[in-house]
Structure formats: structure tokens, C-alpha cells
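Reader: I'm new to this one. Could you show it to me and let me ask where the labels come from?

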Amino acid sequence: RGRPAWDPLPPAMKAKLPQSLLNYLGYKTVGYLWLATGATKVLPALLELARGSSPIDNFHLLAGPQLCDMFQGQSLDMMRSLALTRTLGKQADLAEGDCICVFIQSFPLFGKSTTWKILDAKSGIVAQGS
């Protein structure tokens, strides 16, 4: 029996690693995308909006490529993440708030703005804007 995708390290291995290193490894991909991609500069504000009044400790943060790799075996097209989130909600019979996708569209080639959506796997679009 394997470990859940959001917690892949066995407890014996985690016990030997400092919590700060585990946190670093968990947020490294998201941090890289936030710093390297112009459209994701709004990510911290959208994460706060998406979690509402729930404590941040109630969430596992995954970058789109990680999510798609887990469930589709590839991460070539992040445009699929919205459909994947909806499908997860139906197939896993998730409750509202169990899986929330914060989707930020890349900037268009000659555009000056981008769009974003917050999608709950159960209830659909929670918020959107540009």
C-alpha cells in the first residue's frame, strides 16, 4: 500500500528530517513559479481569497504540474487543470472546500492583463477576475 500523493514520505523518513526542510521542499515549486512567471505575482492574494477564513494549515498546496502529474501522468498543458479539478470533484465525490484550484492564465502575447479563477471541485467557480 502506497502513501498518499500529498504526503509521500514515510513517517520514519520524515522523523529524521527537520520540519523546515520539509516545508521548503513542499513550497519550492510554487515559489519558483511565483518568482519566475509574471502572471503568478497575484498568487499570494488569490490563495488568501481561496482559503477564506479557513486556517492555512488545513491546506496542502500543490503547483499545477504536481497535480497533473499525480492524476494524469503528465503536466504539459495547465489549461487542463480546471477540467481535472471538476473531474476530481465528481469522481472522488468531494465535499465543498476539499479541493480548490487557483488558476492564473498566462499573459497574452501582446496583452497587458491576464485572467484568473478560483474553482471549487464541488461547487464550481468561486471567484474570477483579471
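Predicted model: local features only at pLDDT ≥ 70, side-chain atom pairs only at ≥ 80, totals over all residues.

Reader: Let's begin with Cys99 and Cys101. How do you know that Cys99 is in no disulfide?

Author: By distance. A disulfide needs two cysteine sulfur atoms within 2.5 Å. The nearest cysteine sulfur to that of Cys99 belongs to Cys101, and it is 7.4 Å away. Cys101 is in no disulfide either, with the sulfur of Cys99 as its nearest, 7.4 Å away. By this rule the count comes to zero disulfides.

Reader: And what makes Cys99 count as buried?

Author: Buried means under 20% relative accessible area. Cys99 has 18%, so it counts as buried. Cys101 has 9%, so the label buried goes to Cys101 too.

Reader: Which residues of helix H3 are buried?

Author: Leu43, Leu46, Ala50 and Arg51 are the buried residues of H3, which runs over residues 43–51.

Reader: Which residues make up the largest nonpolar core?

Author: There are ten residues in all: Val30, Ala39, Leu43, Leu46, Ala50, Ala63, Ile104, Trp116, Ile118 and Ala127. To be called a nonpolar core, they have to be buried and joined through side-chain atoms within 4.5 Å. H3 and strand S2 (116–120) are the elements that give two or more residues to this core. H3 gives the most, with three.

Reader: How many salt bridges are there, and what makes Glu48 and Arg51 a salt bridge?

Author: A search of the whole structure finds one. The cut-off is a side-chain nitrogen of Lys or Arg within 4 Å of a carboxyl oxygen of Asp or Glu. For Glu48 and Arg51 the closest N and O atoms are 2.9 Å apart, so the pair meets the rule. Both residues lie in helix H3, three residues apart, about one turn of the helix. In general, residues three or four places apart in an α-helix point the same way, because there are 3.6 residues a turn.

Reader: Why is Glu48 called partly exposed?

Author: Partly exposed is the range between buried, under 20%, and exposed, over 50%. Glu48 has a relative accessible area of 43%, so it is partly exposed. Thr115, at 42%, is partly exposed for that reason as well.

Reader: Where is Thr115?

Author: Thr115 is in the loop between strand S1 (100–104) and S2. Thr115 and Gln105 are ten residues apart in sequence, but their C-alpha atoms are 5.4 Å apart in space.

Reader: What makes Asp93 exposed?

Author: The cut-off for exposed is over 50%, and Asp93 has 62%, so it is exposed. You'll find Asp93 in the loop between helix H5 (81–91) and S1. Asp93 also has a positive phi of about 50 degrees, although it is not a glycine. Gly52, which follows H3, has a positive phi too, near 60 degrees.

Reader: One last thing. Which residues form a nonpolar patch on the surface?

Author: Leu21, Tyr24 and Leu25 do, with about 280 Å² of accessible area together. A patch residue needs over 30% relative accessible area. Leu25, in helix H2 (residues 19–36), has 45%, so it clears that cut-off.

Notes:
Residues numbered from 1 in each chain as written. Heavy atoms only, no water. Buried < 20%, exposed > 50% of the residue type's maximum accessible area, 1.4 Å probe, protein only. Helix = DSSP H or I, 4+ residues; strand = E, 2+ residues; numbered from the N terminus. Patch = residues over 30% accessible without salt bridge, like charges linked within 9 Å, V, L, I, M, F, W, Y side chains within 5 Å. Areas by Shrake-Rupley, 256 points an atom, 1.4 Å probe, with all protein chains shown as cover.
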